[in-house]
Amino acid sequence: MLLLLSISGCNTLKKVGEDELLLTKNNILVDDQKVNSSEIKGLIAQKPNSSVLGYPLKLNLYNLAKENPDSSFQDWLHRKEKREKHLNNLLSKKQVNRLRESFMVKGASEFLKRIGEPPVIIDTAETNKSINKLKAYYNSKGYFNNTGDYEIVESNKKKRAQIDYNITLNKPYIVDTVQKNITSPELDSIYIKTAKQSLIKKGEQFDLDKFTLERERLTTLFRNSGVYNFQESSINYDILRDTTLAANDQLMDVQLNINKFRSSTDSTDTSTPYKVARLRKINIYADYDINGAADTLKRIEHENYNIYYSGELRYRPKALTDAIFFEKDSVYRDLDRIRTYRQITNLNTFKYPNIEFIPDSTQTQLESNIYLAAKPKYSLNLNFDVTHSNIQQVGTAFSASVITRNVFGGAETLNVSARGSIGLLSDASLSNENITSELGGDVTITFPRIWLPFNTEKIIPYYMLPQSRLSAGTNFQQNIGLDKQSLNAILSYNWSPTDRLKNNFELLNVEFVRNVNPDNFYNVYRNTFSNLDNIADDFQDDPQYTSFFDPVENEGEEPSLNIPEGANSFVSSILNGEIPVSTEDFEEVNSIEERRRRLTENNLIFASNFTHTKNSKSGINDLDFYQYRIKMESAGGMLSLLSNVFPYNKNDNGQSLVFNVPFSQYVKAEVDYIRHWEIGGSQVIAFRSFSGLAIPYGNSDNVPFVRSYFAGGSNDNRAWNAYELGPGSTDNINDFNEANLKLALNLEYRFPIAGDVKGALFADAGNIWNVFDNETNPDAIFKGFSSLGDIALGTGLGLRYDFTYFVFRLDVGFKTYNPAKVGSNRWFDGYNLKKAVFNIGINYPF
C-alpha cells in the first residue's frame with residue numbers, strides 16, 4: 001500500500017520539459033473514418049506510455065528514479081558538516097565510496113528505469129516516419145495516389161497532446177491483365193494446371209500481400225511437384241500501368257516471371273532450367289555414426305529401400321521404412337520430406353534425422369540418404385519432492401522411471417516407473433498412526449503405429465503420427481482417506497491429422513478402486529459426521545442409546561457418536577424405524593447413509609472414450625488464438641452386453657457384480673472452449689467455457705466419485721476452494737462436494753505491469769448440479785433454466801511472474817455472488833480480504 005501511495009503521488013509530467021508535449025493518444029483517420037486495426041496502429045512509430053486500467057504505472061515508476069543519484073548522495077553526505085568524516089571513520093573512505101555505487105543509492109534508480117518507461121515526448125521526425133509508413137501501407141493495397149498529413153492537438157491539460165493522422169486514399173489501381181513468362185517448360189505445365197487457383201486475378205484491386213501469398217503458393221506447388229531445388233527468389237512480377245488510358249483509369253498489367261535456377265555462387269542463371277525430379281534410390285543409414293567407415297557397412301534391401309548398418313541390425317526393416325514417405329521412382333514432394341522428419345521424430349528412438357538429396361547430371365534423378373543416429377537405449381529419470389497439503393503437514397515423495405527404447409525392434413518405447421511418499425498427518429484424529437504413505441508404479445509401452453489385428457493405414461496413415469499406448473499401474477495408500485488401493489489399465493490410440501488437430505481414442509480404460517479402511521469414513525468426512533452428530537444430540541441423554549456415544553472425559557464436554565460402531569448403529573436404527581425422528585431428519589440420515597455407501601463401496605469402471613482437440617495457436621508468441629476440446633465417454637456398456645452371455649451375480653440392490661464389485665455404467669460428454677484476443681501492448685483478454693454432463697444408467701444410479709465434477713480451485717472458480725462450491729444452492733454441505741453436471745465460464749484480462757511481472761483481473765462463473773441420479777436434495781438438483789440462477793460468480797485479481805519456461809501465479813478471488821446465501825446477502829457478502837481465497841498455481845489457468 002505504501003508503494004502504491006508513493007507511485008500515485010508521482011507527477012506524470014515530472015520529466016517532461018517546458019517546451020515538450022507528452023503523447024497521450026494517436027488517432028488514425030482514413031478518408032475521415034477512424035481506424036482501430038491493430039495492424040495499422042502498429043505502423044505508428046511513437047505510441048503513448050502503457051497504462052494499467054488507464055493509470056500510467058510504468059511511466060510513474062520511471063519518474064521515481066533519480067536523474068543523478070551520485071549528486072543526490074553527495075548532497076546528503078555534505079548536508080551535515082561532519083557526516084562524511086564520521087562515516088569515513090566508521091566505515092573507511094573505501095566503504096563510503098562503495099556505498100555511493102551500491103544498489104540503494106544508484107542501483108535502485110537503474111532498476112526503476114529498467115522496469116519503467118520514459119515519457120513519450122512528441123517528436124515530429126518520428127511523426128513524419130509514421131506518415132510515410134501509413135502511406136507505404138496503403139500503397140501496398142493499391143492506393144498509389146494516397147496522401148497523408150498529421151495534426152498535433154494539444155489537450156486542455158498542460159504539456160499533453162494527441163496526434164491525428166489523416167490519410168486520403170483516392171482511387172485504387174485494378175489488375176487489368178495477368179501474363180506469364182516461365183523459362184522452364186515443365187514449370188509452365190505445372191502452373192497451367194493450377195492457374196485457376198492463382199490469387200492474382202483480373203479485375204481485382206492490387207494488393208501486395210496477395211502477390212506474396214501467390215509466391216508462397218507457387219513455391220509450395222513446385223516443390224511438391226518434383227522440383228526439389230526450387231527457390232522462391234526465382235519468382236518476381238513486372239507491374240506496368242497502361243499509359244494509353246485516361247488518367248483516371250487506374251488499370252495495371254501484371255506479368256509473372258519465373259527464372260532459371262541460380263546457385264548461391266553464381267551471379268547468372270544456369271544453363272539448365274528447373275526440372276521435375278524422381279527418386280532413383282533411397283538409402284537409410286541406421287545407427288549412423290558420422291565418424292564411422294562407410295565401406296564396412298552391411299546392406300539389406302527391403303521394399304525398394306536400401307538399409308545400411310554396422311554389426312547387427314537392431315530394427316525391423318518395416319519399422320524403418322514405414323517412417324519414410326519417399327518411394328522409389330516417385331516424383332519428389334517436399335511434403336514427404338516434412339512428414340518423414342515428423343514421423344522419425346515421433347518414433348522417439350532416433351535423434352533429429354538428417355536427409356540429403358543428391359541429383360544426377362540431368363537434375364531429373366535423385367538419390368536420397370537418410371541418416372539416423374540412435375538415442376541411448378536406456379534413460380533414467382529421478383525426482384524428489386517435498387510436499388504440503390490439507391492432509392499432510394509435510395511429506396516427501398520420490399519417483400524413478402526407466403525408459404527402454406526399441407524394445408522389440410520396432411521402435412517401441414517401454415517406460416517403467418515407481419513412486420513412493422511418506423508424510424505426517426495434519427490431523428492426528430484421522431488415524432491411529434500419524435504417518436501417511438503411498439506406493440505406486442506404472443508400466444507403459446508405446447508403439448509408433450496403430451496396434452490392432454487389422455491394417456488401419458488407409459484410415460490413419462503414418463503421416464498422422466499414430467501411436468498406440470498400453471499401460472498398467474497400481475497404487476496403495478495408507479492413512480490417506482479410506483486407504484484406497486487401485487489398479488488401472490489403459491489401451492489408447494492417438495493421432496494428429498494436422499499440426500493443429502489431435503485425436504485420442506481410449507478403447508479400454510479400466511480402473512478398479514478398493515477401499516481398504518471404509519470404517520474411517522466419518523473420520524475423513526467430518527462435515528458429514530457433524531451433521532449426523534447434531535441429529536444424535538437429541539438422544540445422548542437416553543440410557544438405551546448410551547452405547548452409541550463415546551464417554552465424556554472432561555466436564556462440560558458434549559458426548560459424540562462413537563466411530564464407526566456408534567455412528568453406523570445410530571443410522572441403522574433410524575432407517576429401520578427403531579428411533580423415531582422427524583421426516584426432515586430421516587431424509588438427512590438417509591442421504592448421509594447413501595453418501596457413505598457410495599464413497600466406501602469399491603468401484604469398477606470399464607470405459608471407452610474419444611477426445612478431439614483443435615488448437616489454432618501458431619507458436620509460443622501467438623497471443624490471438626482459439627482452442628476447443630470435445631470428449632465422449634461411455635462406461636459399462638460392454639460389460640452389460642456380456643451379461644446376456646455370462647450371467648452375473650447380483651447384490652441386494654439388484655446390481656450386477658463383476659469380481660464381486662458392481663460395475664459403473666454411465667455416458668459422459670464434455671465441451672471445453674478457449675479463446676484469446678490480443679488487444680495490443682501485450683494485453684490479452686482470455687475466455688473459457690466448459691460444460692460437462694455424466695448420466696448414470698443401467699447398473700448405476702450415480703457416477704463414480706473419481707469421474708464426477710467439482711467446482712472451485714485455482715483453475716476453476718477462484719473465489720472458492722476446490723470441492724467447496726455447490727452443488728446448486730447448497731452451502732458446502734460435504735467435505736468434498738461433487739455432482740454430475742457442470743457449467744463454467746471464465747473471463748480474464750491480462751496485462752504487463754513491470755518487466756516480467758504481469759497482472760490480471762478475472763471473473764469466474766459456474767456451478768455443479770445433480771441430474772438424472774439418486775440425489776434427493778432439491779437445492780442440489782438442476783431443474784432447468786431456473787437453476788441457472790444458482791451460477792456462482794467470483795471476481796478478483798492476480799499477480800504473475802514470467803520465468804519464460806513457466807509462469808508462477810498468485811490469484812486472489814472474492815465471492816461476488818454466492819448462490820448458497822439468501823436474498824441480498826448473495827451479493828458481495830464475501831468481498832473482503834478476510835474471506836478471500838488465495839490461489840497459487842503454475843502457468844495460466846486457461
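1. In this predicted model, strand S30, which spans residues 807–817, pairs with strand S32 in the antiparallel sense, and the pairing runs over six bridges. Within that pairing, Val-812 is the residue that stands opposite Phe-838 of S32.

2. Strand S32 itself covers residues 837–842, and its side chains alternate along the run.

3. Two cis peptide bonds deserve a check by anyone preparing the coordinates. The bond from Ile-563 to Pro-564 is cis, with omega near 5°, and Pro-564 sits in the loop between helix H14 (526–536) and helix H15 (565–575). A cis peptide bond also joins Gly-726 and Pro-727, with omega about 0°, and here the proline belongs to the loop between strand S26 (683–696) and strand S27 (741–754).

4. The loop between S26 and S27 also holds Asn-732, whose phi is near 50°, a positive value in a residue other than glycine. Asn-732 is partly exposed, its relative accessible area being 28%.

5. Ala-411 likewise has a positive phi, of about 65°, although it is not a glycine, and it is found in the loop between strand S14 (392–405) and strand S15 (413–425). Is Ala-411 buried or exposed? With a relative accessible area of 4%, Ala-411 is buried, because the cut-off for that class is under 20%.

6. The largest nonpolar core has 26 residues, and the members that touch the most others are Ile-324, Phe-326, Phe-357 and Ile-370. The elements that give two or more residues to this core are strand S8 (278–285), strand S10 (305–309), helix H12 (334–346), strand S11 (354–359) and strand S12 (365–371). Apart from it lies another core, of 22 residues, among them Leu-561, Ala-567, Ile-574 and Leu-599.

7. For Phe-357, leaving aside residues up to four places away in sequence, the contacts are Tyr-228, Leu-279, Phe-326, Tyr-332, Arg-337, Leu-366, Glu-367 and Ser-368. One of these partners, Glu-367, forms a salt bridge with Arg-280, the closest N and O atoms being 3.5 Å apart. Glu-367 lies in strand S12 and Arg-280 in strand S8, so the pair ties together parts that are 87 residues apart in sequence. Arg-280 counts as partly exposed, at 39% relative accessibility.

8. How many salt bridges does a search of the whole structure find? The search finds 37. In one of them the side chains of Arg-217 and Glu-214 meet at 2.9 Å, N to O; both residues lie in helix H10 (residues 208–223), three residues apart, about one turn of the helix, and both are buried.

9. The side chains of Glu-204 and Lys-210 also meet in a salt bridge, at 3.0 Å, N to O. Glu-204 is partly exposed at 30% relative accessibility, and Lys-210 is partly exposed with a relative accessible area of 30%.

10. Finally, a network of salt bridges links Arg-718, Glu-748, Arg-750, Asp-764, Arg-800, Arg-809 and Asp-811.

Terms used. Residues numbered from 1 in each chain as written. Predicted model: local features only at pLDDT ≥ 70, side-chain atom pairs only at ≥ 80, totals over all residues. Heavy atoms only, no water. Buried < 20%, exposed > 50% of the residue type's maximum accessible area, 1.4 Å probe, protein only. Helix = DSSP H or I, 4+ residues; strand = E, 2+ residues; numbered from the N terminus. Pairing = 2+ DSSP bridges. Core = buried A, V, L, I, M, F, W, Y, C linked by side-chain atoms within 4.5 Å. Contact = heavy atoms within 4.5 Å. Salt bridge = Lys/Arg side-chain N within 4 Å of Asp/Glu carboxyl O.
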